[in-house]
Amino acid sequence: MAEAESDRQRAIQSEADSHSGAGMPADHVEISADPLSLDAVVARCHDDGAGAIVTFVGITRNVFEGKKVLKLEYECYVPMAERKLLELCGLVRGRWDVTKIAIAHRTGTVPVGESSVIIAVSSVHRKEALEATHYAIDELKATVPIWKKEFFEGGDVWKENAEQRREPLPPPSSL
């Protein structure tokens, strides 16, 4: 099983390499049922020419709208979600001069306190990485088909992100 997962990850990375063009670094996208590692995602963005690596880590919180959250569960059709994550990387690159992008999302059960999603973006200067990371998490929630079920004391519910009720946004223009 781990070998098949490793083969799939190599195929995704190879596809990202082919999208990145000559001389451009590859983007890394990953969907995993295993716990996510911030260090591993950040390592994928390390580049000696980058002066900044910005991260976003989405974590299962213990309370939502006054209800005690027990856990979250995420589901997706992995090939489609990975394709959308790669498209998102392309949108980011089309607007900001970033060095590397890595996005990891968890599936399955995510207990309180554990990471559901990690995004890391590196760039020569911090402004590009900060703006690109903010855009990436908002667009991921709006456009990538990953579904979340929240389990709380007294019940459970499939959750929709407010961002999913809007059309995808183009990357913001520079001020």
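How many disulfides does the structure hold?

## Cysteines

The structure holds 0 disulfides, a disulfide being a pair of cysteine sulfur atoms within 2.5 Å. Cysteine 45 is in no disulfide, and its nearest cysteine sulfur, that of cysteine 89, lies 9.1 Å away. That distance is too far for a bond.

Cysteine 45 has a relative accessible area of 0%, and cysteine 89 comes in at 1%.

## About the model

This is a predicted model, in which local features need pLDDT of at least 70 and side-chain atom pairs count only at pLDDT 80 or more, while totals for chains, interfaces and linings use all residues. Residues are numbered from 1 along each chain as its sequence is written, and side-chain values use heavy atoms, leaving out hydrogens and water.

## Helix H4

Let's turn to a helix. Helices (H or I, at least four residues) and strands (E, at least two) are DSSP runs, numbered from the N terminus.

The buried residues of H4 include Ala129, Tyr135, Ile137, Glu139 and Leu140. The buried residues of this helix pack against strand E2 (52-59), helix H3 (78-95), E5 and strand E7 (115-123).

## Threonine 107

Threonine 107 sits in the loop between strand E5 (98-106) and strand E6 (108-111). This threonine counts as buried because its relative accessibility is 13%. Leaving aside residues up to four places away in sequence, threonine 107 touches Ile31, Ser32, Ala33, Tyr74 and Cys76, where contact means heavy atoms within 4.5 Å.

Key: Buried means under 20% relative accessible area, exposed over 50%, partly exposed in between (1.4 Å probe, protein chains only).
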